[in-house]
Amino acid sequence: MFENACQGVAQMFGKDKTTQEKEQSDTATFTFDSNYVYPSLYDEADSMLQVALLIYSITDLRILAKRENTKLKDPERILSLPLSFGTCLQMIQENVDVIKEEFGDDDHAMTMSALQSIQQRYDSAALSSSTNKSQWWNPLKQGGSESIEVQQVAPTLVAYGDEKPDSELVYAVGFDPIKKRVTVAFRGSVTPSDFLTDACISLNHQPNPVKDVEESQSDTIGLHHGFYEYLLKPGTKGGENKYTEIMRHVATLFEDPEKQKDYKLYVTGHSLGGALATLFSLHAAASALTDSSNNIPTPVTCVSVASPRVGESTFQSAFRLLEERGALRHLRIANDKDPVTLMPKSSGKKIWSMLSPVSYLAFKAADKDFEDKETYRHTGIKLKLRKREEGNTKEPYEIGYSGAAKAKEEENPEKSKVSSKIFSFKENDIPGVVFHFGNTYCEHLVGVKDELTNMGLSLNELYKEKALATK
């Protein structure tokens, strides 16, 4: 009776529940918290790219530190938390030769490329003056080309999830008192288990976390099965999943009134780490809107690097809804010709239908939208980078919005040569894999620094320009 009375009141004013929801959706404007000072597009991309790569080398140090008779200098220091960002960088520099000796083979190409990018950045900073203002190297105070003094005001690591680095995802949680950020970083593909996760391209349909935000949303969303297993699958004997474990650390940091008022949550990762960051940020932002006990301020910002696709159209729609409501921002950085960012294209079910005409007809008869529902889609604002080369008339960067339902998905020009199942980052397995490496991303991003900086671009403005135009 009470529900009927409420509906009657709404109808008296000419608006039923469905109409109200539609109007709420129509007025969504991708407006984000104006009280927070957001960095420029370049600074946001640059700082998160470095964090996404740094987690590879910190994880290597921690693995070596746990070994008996390790060759690391002061191994206990890298395992002690909390740990300043500057100390992490210092330990990487002190133990570069040990890391290369232990992990410098073909099977660790990704970790070596990350280490190379860190060394290049370090060398560049060492050559600059003592007034160097590089945001990435603010934690280090230059004391000459050969000595470094660590400033403990630097960003700080407070949690590290690497109990089983060979079989489970690896994550880090920290905070930055200067940039006012709490950051979650995921390590990318390194181990055989990581590659098997990448290869599980079937869709796993899970409850839609934004269904309570807007009733017109699908009841479920289709996720890459491998990424779901790594992040959202319940632990053994019904234990908590990795998402819940990480969120406990994040929520603890935001219990501090200052952080809840002045900080924002950032999530990042490279390769597999970028996919996990995308999936994590969707659930974190949805929880911030729907869970009254959640203390995390919005928007949540995801900066993914070299990420494969994570879900299909219902996942993309849920992601866009959170962007429209100002709860989620996503900058997706992708190198031109990076084959991993163009994968997977279709689910295993769709691939099977292509091989079997009978199966295709059966799937199509059961659901006329079968093909669209079995196609993976990207999300967020795309920053596509190209190498600046003589004779190349294409711009060194391209910006677009991937969250629109009609957004054109890029094809892999080498698709006939690239398998959907990757078991190493070797040129023989993935043609063009050099474009996926961290040091290549650093090179390409630095190559467009002047253009992006001079244009004064910001991620929030790009949402207004690119995403709003697709409504």
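**Reading the terms used for this fold**

User: Where does Asp-74 lie in the chain?

Analyst: Asp-74 lies in the loop between α3 and α4 (75-79). The model shown here is a predicted one.

User: Why is Asp-74 called partly exposed?

Analyst: The relative accessible area of Asp-74 is 44%. A residue is buried under 20% and exposed over 50%; Asp-74 lies in between and is therefore partly exposed.

User: What is noted about phi of Asp-74?

Analyst: Phi of Asp-74 is near 50 degrees, which is a positive value in a residue other than glycine. For most residues other than glycine, phi is negative.

User: Where does Ser-271 lie, and what is its phi?

Analyst: Ser-271 belongs to the loop between β9 (264-270) and α12. Ser-271 is not a glycine, and its phi is positive, at about 65 degrees.

User: How do you know whether Ser-271 is buried or exposed?

Analyst: The relative accessibility of Ser-271 is 1%. The limit for buried is under 20%, so Ser-271 counts as buried.

User: What makes Glu-240 partly exposed, and where is this residue found?

Analyst: Glu-240 is in the loop between α9 (225-231) and α10 (242-253). Apart from neighbours within four places in sequence, Glu-240 is in contact with Gly-235, Glu-245 and Arg-248.

User: Why is Thr-156 called buried?

Analyst: Thr-156 is in strand β4 (residues 156-161). Its relative accessible area of 16% is under the 20% limit, so the residue is buried. If neighbours within four places in sequence are left aside, Thr-156 is in contact with Pro-82, Leu-83, Ser-84, Phe-85, Val-173, Gly-174 and Phe-175.

User: What makes Ala-318 buried, and which residues does it contact?

Analyst: Ala-318, in helix α13 (residues 313-324), has a relative accessibility of 0%. Buried means under 20%, so Ala-318 counts as buried. Neighbours within four places in sequence aside, its contacts are Asn-208, Val-210, Gln-217, Ile-221 and Leu-282. The C-alpha atoms of Ala-318 and Ala-286 are separated by 9.0 Å, although the two residues are 32 apart along the chain.

User: Why is α3 called roughly perpendicular to α6?

Analyst: Helix α3 (residues 41-65) packs against helix α6 (residues 96-103) at an angle of about 80 degrees, and their axes are 11 Å apart. Angles from 65 to 115 degrees count as roughly perpendicular, so the term applies to α3 and α6.

User: Which residues make that contact, and how do they divide by class?

Analyst: From α3 come Asp-60, Leu-61, Ile-63 and Leu-64, and from α6 come Val-98, Ile-99, Glu-102 and Phe-103. In the contact of α3 with α6, six residues are nonpolar, none is polar and two are charged.

User: How do you know how α3 and α17 run relative to each other?

Analyst: α3 and helix α17 (residues 438-447) pack at about 165 degrees, with their axes 11 Å apart. An angle over 145 degrees counts as roughly antiparallel, and α3 and α17 are therefore described in that way. Their crossing is left-handed.

User: Which residues form the contact of α3 with α17, and how many are nonpolar?

Analyst: On α3, they are Tyr-42, Ala-45, Asp-46, Leu-49, Gln-50 and Leu-53; on α17, they are Gly-438, Tyr-441, Cys-442, Leu-445 and Val-446. Eight of these residues are nonpolar, two are polar and one is charged.

User: What kind of peptide bond joins Thr-298 and Pro-299, and what kind runs from Met-343 to Pro-344?

Analyst: The bond joining Thr-298 and Pro-299 is cis, with omega about 5 degrees. The bond from Met-343 to Pro-344 is also cis, and its omega is near -20 degrees. Most peptide bonds are trans. Pro-299 lies in the loop between α12 (272-290) and β10 (300-305), while Pro-344 lies in the loop between β11 (328-335) and α14 (348-355).

User: How many helices and strands does the protein have, and what share of its residues is buried?

Analyst: The protein has 19 helices and 13 strands. Of its 471 residues, 55% count as buried.

Note on methods:
Residues numbered from 1 in each chain as written. Predicted model: local features only at pLDDT ≥ 70, side-chain atom pairs only at ≥ 80, totals over all residues. Heavy atoms only, no water. Axes fitted to C-alpha atoms, helices over the stretch in contact; angles between N-to-C directions. Helix = DSSP H or I, 4+ residues; strand = E, 2+ residues; numbered from the N terminus. Parallel < 35°, antiparallel > 145°, perpendicular 65-115°, else oblique. Contact = heavy atoms within 4.5 Å. Nonpolar A, V, L, I, M, F, W, Y, C, P; charged D, E, K, R; others polar. Buried < 20%, exposed > 50% of the residue type's maximum accessible area, 1.4 Å probe, protein only. Left-handed = near helix turned anticlockwise from the far one by under 90°.
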